[in-house]
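Let's take a walk through a protein together, from its inside to its surface. Have a look at the picture first, then read on.

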Amino acid sequence: MIEFLKKNIFIIILSSITLFLGFLTFLTFIDRSFIELNQNNLQNLLIVNILLLLSLFVLIFLEIKKSIRNDIDKDGLKSNKKYITYFSLFTLIPSILISIFSLFLFSFALEKYFDKKVTTVVNNSYELAKSYVEEVRNKIESDIILIAFDTNKSAKFLNDNNKEYVRFLKTQKLIRDIDEIHIIDQNKELLFTNIDDRTKYIPPIDKTLKLVLDDDRPLKIINAPENISAAIMRLQAFENRFLYVVKYLDKDISKYLNESQEAINFYYTVEERSTGIKISFAIIYIIIVTLLLFISITIAIRFSSRFFRSINNLISASTAIGEGDLTTKVPEIKTDKDLEILNKNFNSMIVRLKNQQDKLIINERYEAWGNLARKLAHEIKNPLTPIQLSIDRIKEKYIKQVDKNEKDNFEENLKIINNQIKQIGNLVNEFSDFARMPKPVLKKNDLIKIIHENMKLLSEIDTSIKINLDYKKPSILLECDKEQISRVIFNLIKNSIESIQQKAENTSNFDKIVTIEIFERNNQIYIIITDSGLGFGNIKNNIKDILNPYYTTKKNGTGLGLSIVNKIINDHNGEIEFISIPNGAKIEIRFN
């Protein structure tokens, strides 16, 4: 998700700006935004909206085209393109239908909003509230005239007596249903009042007092924010005295009146700008639908590419395998878990096929080399006996005839010939052994015991070389041919000893160590032999070439030792690997 947001950050920013501007246009049409409602502003907003919408479409089109090129065309599968097309159409068609239906509903709802009945109800509700306020104002006007008449008539009786005034005013309050009755002077100072707490008195504004200084008619006052209706009138029977009465309106009536006025203004504004509102709503809806469509198509492309890329990789790999290339592998990509398991199993199958093919090739190769070895052994062994007999006869016949000075030289030459014949005999024996390698007789054998026996034999070759065995379990059993596995261990340890001895001819002051590790892991048995000898640095070609028959790096080697070792390990369903390490060599054997 985070990767998707990062990749499409420009589209997200542009769509957010476009969406914000669409809402701003909508609010401006209904006169609820910070932008002034006029023809110029509306025209500019609509132009900017259209430009941003076109830019958004172009950017989304380019992004989808890029995704198709990278995630679909690259795979080259027709089925991938087909499913993407179907998925996009199944997303696009319902979106378009829903858009048209929603715009139709909005237009229908907006028209119903301006129905005559609705207009009548809106107007009547406002008129009702307005009539109530007007009624209260008219009533207070008549009440103040009556209170003023009674006050003027009782001027002598009141005689500026505070108690009489208060009693009189409270009586007038009950009779006229007035909340506050005040007698004030020209300076708005409170002279007499019916309220007990004189601090609650709120004087009228200066403008109202000036209007009644020279006029005997009452002046109506309405203070909507304070929910009061008031009136002020000059008292003719008194000098510099004014009657100021206050009637509290219903606490919510002014609020209802203001809200009704705002609602009516809003209603007629919306009615006047209905076309623009429809346009701005359509823009907002198109933006949202476009974004949802883009997201759905992008997800479809990503999902399809993840799925079909894995299928495509499997198809390519199976084609390569069908053509005989078992080195191919299915690339490990991030996809669905089931497909990842399928890829992993397919690669495991390829590895198993490759191993089986390698084993078949090795067996065929060994069979070919075995036939050759048998022929060589036969051809070489036949003349060896006559040669040996001829040498013995020459020695018996001519040893006495040779001059004393040449006798030693004569015997030395015969000795050299005998030694060469013995070496050829040994070579013939190795050829015979290689050619007659029997099939293994499998029995449960303890590998640790086999290694110990061979270590004991080989430790006498060179006492300066330390041979260490590292194992965790007292015994590790393997179904194997004891003699053949013993031969493997013997040959490999012997090679390590000889490698260290060759290194010692030119190098001094190094640890002469052969380390053998044996352990079990994941149902496999590992034997690892590490030595501090020459290593595999003198092998110019592939390190696996040392397994080929007759390939050797030794001066007097036949190149059959490691070939026999490899054949035995393969016959025991195992693998051998030669690893170059600093200052030595490492051989890893795995038995499955």
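## A strand on the inside

Why is strand β10 largely enclosed by the rest of the structure? Strand β10 covers residues 524–531, and seven of its eight residues are buried, so the rest of the structure largely encloses it. Keep in mind that you're looking at a predicted model.

Who sits beside β10? Strand β9 (residues 513–521) runs antiparallel to β10, and eight bridges join the two. They make a hairpin with two residues between the strands, and N522 there takes a positive phi near 50°. β10 is also joined to β12 by seven bridges, and that pair runs antiparallel too.

Start at I516, whose partner in β10 is I529. Then go on from I529 to its partner in β12, I587.

## The largest core

Which residues touch the most other members of the largest nonpolar core? They are L492, I516, I527 and I589, in a core of 38 residues. Helix α14 (residues 482–506) gives this core its largest share, with seven residues. Another core lies apart from it: that one has 19 residues, including A155, I181, F192 and F238.

## F591, a buried residue

Now find F591, which lies in strand β12 (residues 584–591). Is it buried or exposed? The cut-off for buried is under 20% relative accessible area. F591 comes in at 3% relative accessibility, so it counts as buried.

F591 also shows how a chain can bring together residues that are separated in sequence. F591 and Y526 are 65 residues apart in sequence, yet their C-alpha atoms are 6.6 Å apart in space. Not counting residues up to four places away in sequence, F591 touches L478, I485, I525 and I527, among others. The residues it touches also include I569, H572, N573 and G574.

## A mostly covered helix

Helix α15 spans residues 561–571 and is mostly covered, with nine of its eleven residues buried. Among those buried residues are L562, I564, V565, I568 and I569, but also S563, N566 and K567. Just after α15 comes N573, which takes a positive phi of about 60°.

## Out on the surface

I47, I50, L51, L54, F57 and I286 form a nonpolar patch on the surface, and together they have about 520 Å² of accessible area. Which helix gives the most to this patch? That's helix α3 (residues 39–73), with five residues.

The place of I50 is in α3. With a relative accessible area of 47%, I50 is partly exposed. In an α-helix there are 3.6 residues a turn, so residues three or four places apart point the same way.

## The whole chain

Finally, step back. The protein chain has 15 helices and twelve strands. It has 592 residues, and 40% of them count as buried. The chain exposes about 36,100 Å², of which carbon and sulfur atoms supply 56%. Among contacts with a separation of 6 or more, 67% are between residues 24 or more positions apart.

Key
Residues are numbered from 1 along each chain as its sequence is written. This is a predicted model: local features need pLDDT of at least 70, side-chain atom pairs count only at pLDDT 80 or more; totals for chains, interfaces and linings use all residues. Side-chain values use heavy atoms; hydrogens and water are left out. A nonpolar core is a set of buried Ala, Val, Leu, Ile, Met, Phe, Trp, Tyr and Cys residues joined through side-chain atoms within 4.5 Å. Buried means under 20% relative accessible area, exposed over 50%, partly exposed in between (1.4 Å probe, protein chains only). Helices (H or I, at least four residues) and strands (E, at least two) are DSSP runs, numbered from the N terminus. Patches are made of residues with over 30% relative accessible area and no salt bridge: like charges are joined within 9 Å, nonpolar side chains (Val, Leu, Ile, Met, Phe, Trp, Tyr) within 5 Å. Accessible areas come from the Shrake-Rupley method with a 1.4 Å probe; for residues, only the protein chains shown count as cover. A salt bridge is a side-chain nitrogen of Lys or Arg within 4 Å of a carboxyl oxygen of Asp or Glu. Contact means heavy atoms within 4.5 Å. Two strands pair if DSSP finds at least two bridges between them.
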